[in-house]
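Dear colleague,

I am handing over the structure we spoke about, and below it you will find my notes on what turned up in it. Please read them with the model open beside you.

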Amino acid sequence: MSTAETLALRIREHARRTPEAVAMRDKNFGLWEQVTWREYWDTSVQVGHALLSLGIGVGDRVAIHSENRREWLFSDIGTVAVRAATVGVYPTNPAHEVLHLLRDSGSSVLIAEDQEQVDKAFEILEELPRLRHIVYIEPRGIAGHYTDERLMSWPEFLARGAEHARAHPDAVTDLAEAAKPGDLATLIYTSGTTGPPKGAMLTIDNIEFAIERVSQEGAFFDPPATSKDLLVSYLPLCHVAERCFTTWLNAGVGTQVNFAESIETVTTALREVQPTVVFGVPRIWEKIVAGIHIRMSGASWFKRRVFAGFMRLADWIGDCLVKNRGRHTVATRLVYLVCWVVCFRALRERLGLRHTRYAASGAAPIAPEVLKFFMGIGVQMHEVYGMTENSAMGTANLPGRVLLGTVGEPHPGVEITVDEGTGEILTRHRGNFVGYWKRPDATAETLDAEGWLHTGDVGEWARGTHLKITDRIKDIIITAGGKNVSPSELENSLKASPYVKEAVVIGDGRKFLTALIGIELDTVGEWAQRRRLAFTTYRDLSAKPEVQELIQEVVDETNEKFAQVETIKRFSLMPKELDHDEGELTATQKVKRTAITEQFASTIAQMYGERTPETAAS
Amino acid sequence: MTTTPVPGSAPHGPRPPRGRPLLRTSYAQHMGLLNTPGKRWSTLVLVIVGFCAPLLFTDDLLQVLTLGLFAAIGAIGLNLVTGYAGQVSLGHAFFIGLGAYTAAVVGGDTDGRLLGLGMPMYIWLPAAGLVTAAAGLLIGPLAVRLRGLYLAIVTLGVVFLGLHIFREASNLTGGPGVGRRAPDVELFGINASVSGGLPGLDWTRDQQLFVVALIFLIIFAVAARNIARSGVGRAFAAIRDRDVAAAVIGVDLAGYKLLAFALSSFYAGICGALYYTVVRVIEPTSFDLLLSVQFLAMVLIGGVSTISGSIMGALFITALGRMAIEIAHYVPFVSTSVTGGGLLNVFQLEGILYGLLIIGFLIAEPRGLYGIWIRVRNYWKGWPFSY
């Protein structure tokens, strides 16, 4: 079907129509190097040729293990152009998880960013007989140090492509045009909070559906995104949400993607780029709020006072907007105008949200207070909902039709129902994935015969139009009293405080609820310094009685908002920051509950007044 | 193959989107003189106000401002060697004097009492700069061997040597107490040193000289700013911060120190030549240590290693005499003449003010007037945060 739009052909179309326009920018040595559409397409084709010369055929898998950068997109498009499938590996994945992903997907080519990722691959190379070639992008520490015939530098890789292109000039374009809607385009691995990550198979057609939705008016944006919109790409591209906003939106309407130097420099990148469209996970938005808090507490007396006054106004504006479904009234407009001139314009500029016309939060539940804060300072904030298995297409709050606490309305062409028995949310549309890679058992559990995707989320309708998510089915706590409690609501309410980074509510089969809380080192550390409270490490700080009191206040505030049975009776502060490497978090920074409850079993037992083997022994 | 732009090359590809001054696509953009809209607009306004000044102020005030603008060229020169390159020089007065006399000799009357070559301005002005720069090159080798306090003492010696030479070479300088006339500012057939020199405009001498001063200052200030932000300026800064480290990273210490002195002296020579076209008479004993200290005060009070600070400092210090007179009107024990009664006269008051200002600035705001501006700017730059 040559008329079928595919990711690759869309890039070619942009390159034909606006060859010299900017497709993306990549920051290197302090400069934003601009990549035009022509360069984007030409390099992608070269990558495609190189892959062909390495023996990649239709349906083969190519793994990319890198932070977000232009080579990621070149590799992705090059792979899709030759009808192979891309497998993204999280840069933070430790070697054993990389092993699982590469072995499970059976990738034969790995494109690794730097020495760190190449080392991970070498650690597990013996168990990967199918992996034939490793291409590295950054030569530092590799070139001249490593001698392995499978290794190849990025320029060598492209040179191979150029050579192949001379011999078979039309090989890649022919393949790209011959692509079928049912072709596997990518394997996106789930974060794996409960078991080993599973590879969700997304086809060309799935992605096309997502591109159509995300470019369309009235699905996310209003007015729709254009080539004048700027984005900063910083969340892992192996995650479906960032892939949707970076690669797919860019291919769909030609938005300009900007890659920061690294994940640590995102705040600088936001300030410099001043993106018009920002997508963030709750953790990012919470971190921005905490950052404002920290910087403000270090400001001069006068500035603190002025800012506190404006924050009260922001609160009021936020309240009005929430009541009015995200629309301004004359009064809020006037107040906002004054606030904008004196404070919010500068504040948003510092945050990098000055020109932001659309901001979205998704991929995990977020506390409504955080959203309201951003609405108050004039950032149009929308909660959206989707998952890997439905190509990130589910629901979205639309500009002017926001209902706080919900994830919004279904996109056009998306069918959503709430299962009457279990309350599970089911979706059905063209974006529904075709199954888990080599896991027909898991696929059968998720996709039913009528084509409904079982999302694993429990939810309900609000006002008949907006979908409200209660929690993951697996996470719902049933207390000993038989009461169903959604832990994520409680956890998010706790995490809305700038002092709380992680919260895990426990209580399944217990008489009452307890919580394990991890403090935010930056804010609590700053708080302690101001109170002249000496501390050394995270553990030491967590153990301070003053910090316990501080968090007690946060817990009390949360408890006031919930019914008696849903209050947190006791809590403990976790003595360490949770970490991906130690298996406590997934690559997307989601808490692995089972791992946590196992690791902190004795702490939990103490909260319930049980005697643990350790305490019994002592 | 991905294209890797050569650092510092012209912007790669299309222009970056508007309203995002921090989104830099080339180092040229990074190093730009007026790289933000704020700078562009404020500079434009300043220049327009500058050129309107002759119509706004009275002649006596304009004369003070003109002296300030010419002095600013000298202050920029001193800032290049002392502020940017970190080589303390107390010998600036000698170079100013040398410039003034070179201009007077080259541009002076051929049939006068004293030696004069009768050359036009486009000869005597560059000559003043070049002769002084050559003298700077002679002093330079001292700086290569000495630093800090020792360099200051040696350059101090230059001032005393110079004073002696100016006094004794009376067929060139006119001798102490007499001096000689400065040449007229006459370019392209327009004599700015005579009232009504501008055809079609009924302007006074002071108005015309002010405009001339402003044009020359802009030329030399922009040139100095460009030197400062180029490789030469970075080499100067490296020498200032740590000469050993600078040598290690490949900065030719001897060469750049010589260059710093030559450049600084060139500016001093131009300053001397032009400054005395306003004062009219060049008296040999005026190039003493006090003059050097005054220029040092301009740099310190204005702001070390800043061009705009040098200009602010020069205007401020030259206006100090005028301020002292204004103060004298309100303070009963200060007389406005040398012979008058009272505890102090205005010249003594001026001297005291110098001292107090230098002490005050060094203690409270070592970055000078420019530092105060930076403070004000940063307060609003960080708004609503403090950092």
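In chain A of this predicted model, strand 5 (residues 109-112) and strand 6 (residues 133-136) run parallel to each other and are joined by four bridges. Within that pairing, A:Ala112 has A:Tyr136 of strand 6 of chain A opposite to it. Helix 8 of chain A (residues 204-215) packs on the sheet, where it touches strand 8 (184-189) and strand 9 (199-203) of chain A, and the direction of this helix makes about 75° with that of strand 9 of chain A.

The sheet in question is an open one of eight strands in chain A, with mixed pairing and the order 7-6-5-3-4-8-9-19. Its edges are formed by strand 7 (151-153) and strand 19 (435-436) of chain A, each of which pairs on one side only.

Further along chain A there is a second open sheet, this one of three strands, which has the order 24-25-26 and again mixed pairing. Strand 24 (500-506) and strand 26 (568-573) of chain A are its edge strands, and neighbouring strands in this sheet are turned against each other by 25° on average, if direction is ignored. Strand 25 (residues 513-519) of chain A pairs with strand 26 of chain A in the parallel sense, over five bridges, and here A:Leu516 stands opposite A:Ser572 of strand 26 of chain A. Lying across strand 24, strand 25 and strand 26 of chain A is helix 19 (residues 545-561) of chain A, which runs at about 145° to strand 26 of chain A.

A hairpin in chain A also deserves a look. Strand 20 (residues 453-462) and strand 21 (residues 466-472) of chain A run antiparallel and are joined by six bridges, with A:Trp461 opposite A:Leu467 of strand 21 of chain A. Three residues lie between strand 20 and strand 21 of chain A, and in the turn A:Arg463 has a positive phi of about 55°.

As for the division of chain A, the assignment gives domain 1 (7-180) and domain 2 (476-617), and the centres of domain 1 and domain 2 of chain A, taken over C-alpha atoms, are separated by 42 Å.

Turning to chain B, we have 16 helices and six strands. The radius of gyration of chain B is 22 Å, close to the 21 Å that the globule rule gives for 387 residues, so chain B is as compact as a globular protein of that length. Along the principal axes, the C-alpha atoms of chain B fill a box of roughly 75 × 50 × 45 Å.

Which helix of chain B packs against helix 8 of chain B at about 175°? The partner is helix 11 (residues 253-279) of chain B, whose axis is 12 Å from that of helix 8 (residues 205-229) of chain B, and because of that angle helix 8 and helix 11 of chain B are roughly antiparallel. From helix 8 of chain B, B:Leu209, B:Phe216, B:Phe220 and B:Ile227 meet B:Leu263, B:Tyr267, B:Ile270, B:Leu274 and B:Val278 of helix 11 of chain B. The residues of this contact between helix 8 and helix 11 of chain B divide into nine nonpolar, no polar and no charged.

Finally, the two chains touch: 23 residues of chain B are in contact with 32 residues of chain A. On the side of chain B that touches chain A, the residues comprise 13 nonpolar, eight polar and two charged.

Technical notes: Residues numbered from 1 in each chain as written. Chains lettered and ligands numbered in written order. Predicted model: local features only at pLDDT ≥ 70, side-chain atom pairs only at ≥ 80, totals over all residues. Pairing = 2+ DSSP bridges. Helix = DSSP H or I, 4+ residues; strand = E, 2+ residues; numbered from the N terminus. Contact = placed C-beta atoms within 7 Å. Axes fitted to C-alpha atoms, helices over the stretch in contact; angles between N-to-C directions. Nonpolar A, V, L, I, M, F, W, Y, C, P; charged D, E, K, R; others polar. Domains from an automatic or database assignment. Parallel < 35°, antiparallel > 145°, perpendicular 65-115°, else oblique. Rg over C-alpha atoms; globule rule 2.2 N^0.38 Å.
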